[in-house]
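Thank you for letting me take a few minutes of the meeting.

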Amino acid sequence: MNQFDLEVGQVFSASPSDPDEAKPETVELSLIEYGAQVLQDEAEAILRIKDRLAPSFEHAIELLVECSGKVVVTGMGKSGHIATKIAATFASTGTPAFFVHPAELRHGDFGMLDSRDLVIALSSSGETQEIKLVLEPIKRTGLKLIALTGNMQSTLARYADVVLDVSVDKEACPLNLAPTSSTTAALAMGDALAMTLMAVKGIAPEDFARSHPGGSLGQKLITVESIMRSGVDVPIVSLNAAYEAVLEEITAKKLGFTAVCEDDGKLRGVITDGDLRRSISKYRESVFEKCARDIMTTSPKTISSQSLAVEALKLMEKYSIADLLIVDHATRPVGLIDLKDLLRAGVI
């Protein structure tokens, strides 16, 4: 064993509830082997609760779908930390939710709840004193209660409308004491609830973006519609617009291009500064006799207003263009977006 190996001299095979009978074993593991064993134990804990999913999970989803108020998640100690993360996951995926400490519920925070809400309570033993003391008030208020517990015969399980079994065979702790596998299992079950509910509700990328207005997630989920320019800011000329009119529109809008549309508003092409220069070289003295249809570039690149801004950026980078027209279902220009808009929105 080298300096980086561990000699684990207290690996208990007996249950921590019966410490007198615990018999230490000496196991020599490298650091990598030790870390791998922890991950293996926790992964197995998740797979075991997956195999135990029952109709109670479907019932829990039904209650969450029917909930017209908020999802209130509570737990004590390590379970409380897991409950906080579960509440945050619900909130970020379209379900109003927050964490409340069970002790605070007994000292005024019940005023934050009403009968439309739903409570998710976490307790591995199901006998945590702080949790037990709020069960009666929860039921008196008429709140539905979903329990995540490792003890299906516990007080928490008896009070709950739905009980989800998150029990584990052992903790990923050499003493079988520190909450590790059990907290991982509870967290995974919370994620399963939140993600399943998200799918049932049909949460779309734009819905997710509204919950993540800042940071990289928000930037990736910004839609074109939320940052595009529209109305009079969009340069447009008709197919028969004279050369001078095209020049005036491009100059007035200061974007270096204009859309060319039919009388019904359908997009037929674009004219850029480059198209103007090329037309002068091609037609020379007769260039002022030409109209928009003679000098436009057909089949311009476009995107819909519901597309993500990052998709617009990819399209602009692919074709080396600085501006992109946004069109509706009838290919009528309804807006435009350029690199400066993407930069201001934080997409670039």
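Before we look at any pair, let me say that two strands are counted as paired if DSSP finds at least two bridges between them. Please also keep in mind that what you see is a predicted model.

Let me begin with strand 13, which covers residues 323-327 and has 5 of its 5 residues buried. Asp-323, Leu-325 and Val-327 point one way from this strand, while Leu-324 and Ile-326 point the other way, and all are buried.

Which strands does strand 13 pair with? On the parallel side there is strand 12, residues 302-304, which is joined to strand 13 over 3 bridges, and here Thr-302 stands opposite Leu-325. To get from strand 12 to strand 13 the chain passes through helix 14, residues 309-318, and this β-α-β crossover is right-handed. Strand 13 also pairs with strand 14, residues 333-338, but in the antiparallel sense and over 5 bridges; in that pairing, Val-327 stands opposite Pro-333. Strands 13 and 14 form a hairpin with 5 residues between them, and in the turn you will find Thr-331, which has a positive phi of about 60°.

Now let me move to strand 3, residues 71-75, where again 5 of 5 residues are buried. Val-71, Val-73 and Gly-75 point one way from strand 3, Val-72 and Thr-74 point the other way, and all of them are buried.

Strand 3 pairs in the parallel sense with strand 4, residues 97-99, over 3 bridges, and the partner of Val-73 in strand 4 is Phe-99. Together with helix 3, residues 78-92, these two strands make a right-handed β-α-β unit. Strand 3 also runs parallel to strand 5, residues 118-123, to which 5 bridges join it, and the bridge partner of Thr-74 in strand 5 is Ala-121.

Finally, I would like to turn to the surface. Leu-339, Leu-343 and Ile-348 make a nonpolar surface patch of about 280 Å², and Leu-343 sits in helix 15, residues 339-344. Why does Leu-343 count as exposed? The cut-off for exposed is over 50% relative accessible area, and Leu-343 counts as exposed because its relative accessibility is 55%.

Note on methods
Residues numbered from 1 in each chain as written. Predicted model: local features only at pLDDT ≥ 70, side-chain atom pairs only at ≥ 80, totals over all residues. Heavy atoms only, no water. Buried < 20%, exposed > 50% of the residue type's maximum accessible area, 1.4 Å probe, protein only. Helix = DSSP H or I, 4+ residues; strand = E, 2+ residues; numbered from the N terminus. Right-handed = clockwise from strand over helix to strand, strands pointing away. Patch = residues over 30% accessible without salt bridge, like charges linked within 9 Å, V, L, I, M, F, W, Y side chains within 5 Å. Areas by Shrake-Rupley, 256 points an atom, 1.4 Å probe, with all protein chains shown as cover. Salt bridge = Lys/Arg side-chain N within 4 Å of Asp/Glu carboxyl O.
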